[in-house]
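Visitor: I have a structure open and would like to go through it with you. Could you put it up here so that we can start with one residue?

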Amino acid sequence: MRDRFDAIVVGAGLAGCMAARTLAEKGFSTCLIEAKPAEKVGEKVCADAVGKHHFDRLGLAYPKGEELREEVKGIRIFSPSREISFFVPGDGFILNRKAFGQRLLKEALDAGAELLDETRALAPIVKDGFVVGVVAKDLREGRRMEFYGDVSVDASGFLAVLRRNMPAGSGLQAEVDGHDYCVGYREVREVREEPEPGVCRIYLSGTLAPGGYAWVFPAGEGKVNVGLGVQAVEGHPNPKSLLHGTLLKWPAFEGSRLIEAGGWFIPTRRPLENMVWNGLILAGDAACQANPLHGGGIGHALLGGSLAGEVASDALEEGDASLEALWPYNRRYMELVGARNAELDVFRCFLQNLDDDDIEFGMRKKLVSEEDLAAVSEGRSLEVGVREKLARALRGLTRPGFLKRLARTLDLMKAVRAHYGAYPSSPSGFGAWEKKAKKLFSEAREL
């Protein structure tokens with residue numbers, strides 16, 4: 001096989017396939033490197049839920065037939081006691097992750113991308129301050145290979161094999177702090193009766209899932225996807241042990257039958273402040289492109305991969321893959337979803353520092369309401385009018401400290417959204433912008 005391409009995409013997940021398809025459709029020779037065999041592309045331990053609006057935004061055909069497990073009509077969020085719940089409506093899908101992944105792979109290959117399966121990317125090739133290719137290993141024969149391209153896309157998932165091996169001077173964040181991702185474990189189980197067909201259930205509780213949350217999602221044909229994620233700080237509990245010691249002891253799971261199981265890492269933070277370098281673009285989990293509140297990354301990976309392919313194509317057409325030429329990727333992503341996710345990250349910091357009693361109180365008194373959650377889920381900022389602020393203050397009189405933190409959180413959310421909405425148009429303005437972003441999130445964590 002040849003070793004020279006216009007573009008190299010590492011990872012045939014959702015982001016990688018979208019990037020490869022977009023590049024190939026523009027007529028650029030594209031190499032798609034994937035560690036799995038081709039027939040296993042799409043297999044991933046995942047909660048499998050995605051909102052319908054992600055497909056609408058990208059003009060993607062909705063999943064159907066084998067790709068679709070079940071249609072979703074909303075999310076129900078439970079307080080720690082499970083006595084209180086908020087329902088947030090929203091159309092979506094539960095995917096057959098493998099079948100959907102195979103569809104995207106086929107579309108990329110049909111467009112002209114070339115797949116190197118059972119090939120593990122090891123590191124970027126950096127020359128004269130540019131990523132010019134990828135070092136990889138053939139898993140069948142064990143030999144090392146080098147592939148060269150004018151632009152490379154790191155869509156290798158949370159482990160981010162290119163990003164983590166970049167030279168220190170690149171300015172790209174090599175590691176993600178343990179406070180900003182969760183370790184998750186889930187099982188697909190056949191149950192006697194699905195709790196609430198078409199509804200994804202989320203359980204907020206530091207007892208059930210410290211720093212994260214637990215879930216029960218429909219999985220089609222009398223099955224549910226049940227799991228939890230815990231914040232990946234030092235000494236965190238084992239999520240599998242927690243699941244078996246808590247949720248799976250609930251009456252709903254009595255007599256249930258295990259179908260499949262597995263664990264993985266879930267980024268739960270805003271997107272990386274910078275996702276490009278000379279000759280390199282990050283997409284999907286490699287760029288922390290997921291919803292910070294619940295870690296849902298399918299829709300964000302589709303968008304990130306599509307944008308990466310578009311910006312890389314523009315750079316190839318101009319014959320310029322410099323940091324400046326790839327910078328529009330950062331700005332476009334922030335405008336579409338990054339600013340909203342940064343705002344949600346502030347709220348995530350607030351929630352993670354509440355104990356179960358605070359969460360119960362806040363939901364019972366509706367200090368955070370269903371309407372607030374609906375606004376957040378739709379990408380709108382939380383706007384609380386004077387009259388409603390007064391009503392909430394009266395309901396929360398017994399906990400002035402809670403109200404003060406909530407008010408400060410709402411102010412910070414607004415400030416963060418405005419700051420990310422004003423993302424610099426060129427690398428020259430990034431230093432000052434990043435400094436302020438770090439200051440805002442330092443305040444969020446202190447809350």
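Guide: Let us begin with Asp 48, which is buried because its relative accessible area is 12%, where buried means under 20% relative accessible area, exposed over 50% and partly exposed in between, with a 1.4 Å probe and protein chains only. This is a predicted model, in which local features need pLDDT of at least 70 and side-chain atom pairs count only at pLDDT 80 or more, while totals for chains, interfaces and linings use all residues. Residues are numbered from 1 along each chain as its sequence is written, and side-chain values use heavy atoms, with hydrogens and water left out.

Visitor: Where does Asp 48 lie, and what is its phi?

Guide: Asp 48 is in the loop between strand S2 (30-33) and S3, and it has a positive phi of about 75 degrees although it is not a glycine. Most residues other than glycine have a negative phi. Strands here are DSSP runs of E with at least two residues, and helices are runs of H or I with at least four, numbered from the N terminus.

Visitor: How many bridges join S7 to S8?

Guide: Eight bridges join them, and the two strands run antiparallel; strand S7 covers 119-127 and strand S8 covers 130-138. Within this pairing, Ile 125 has Gly 133 in S8 as its bridge partner.

Visitor: Changing topic, in what order do the eight strands of the open sheet come?

Guide: The order is S3-S5-S4-S11-S12-S13-S10-S14, with mixed pairing, and two strands pair if DSSP finds at least two bridges between them. The edge strands, each pairing on one side only, are S3 (49-51) and S14 (257-267).

Visitor: And how many bridges join S4 to S5?

Guide: Nine bridges join strand S4 (residues 68-78) to strand S5 (residues 85-95), and these run antiparallel. Phe 78 stands opposite Ser 85 in S5.

Visitor: On to the rings: how many aromatic pairs does a search of the whole structure find?

Guide: The search finds 22 aromatic pairs, taking rings of Phe, Tyr and Trp (its six-membered ring) as paired if their centres lie within 6.5 Å, with planes under 30 degrees apart counted as stacked, over 60 as edge-to-face and the rest as tilted. Phe 430 and Trp 433 are stacked because their ring centres are 6.0 Å apart and their planes are at 25 degrees.

Visitor: Where do Phe 430 and Trp 433 lie?

Guide: Both lie in helix H12 (residues 430-446), three residues apart, about one turn of the helix. An α-helix has 3.6 residues a turn, so residues three or four places apart point the same way. Phe 430 counts as buried at 11% relative accessibility, and Trp 433 counts as buried at 6%. The aromatic cluster that holds them also includes Trp 327, Tyr 420, Tyr 423 and Phe 441.

Visitor: What lies over the face of Phe 441?

Guide: Arg 270 does, at 3.8 Å from the ring centre, where a charge sits over a ring if NZ of Lys or CZ of Arg is within 6 Å of the ring centre and within 35 degrees of the ring normal. The charged end of Arg 82 sits over the ring of Trp 250, at 3.8 Å from its centre.
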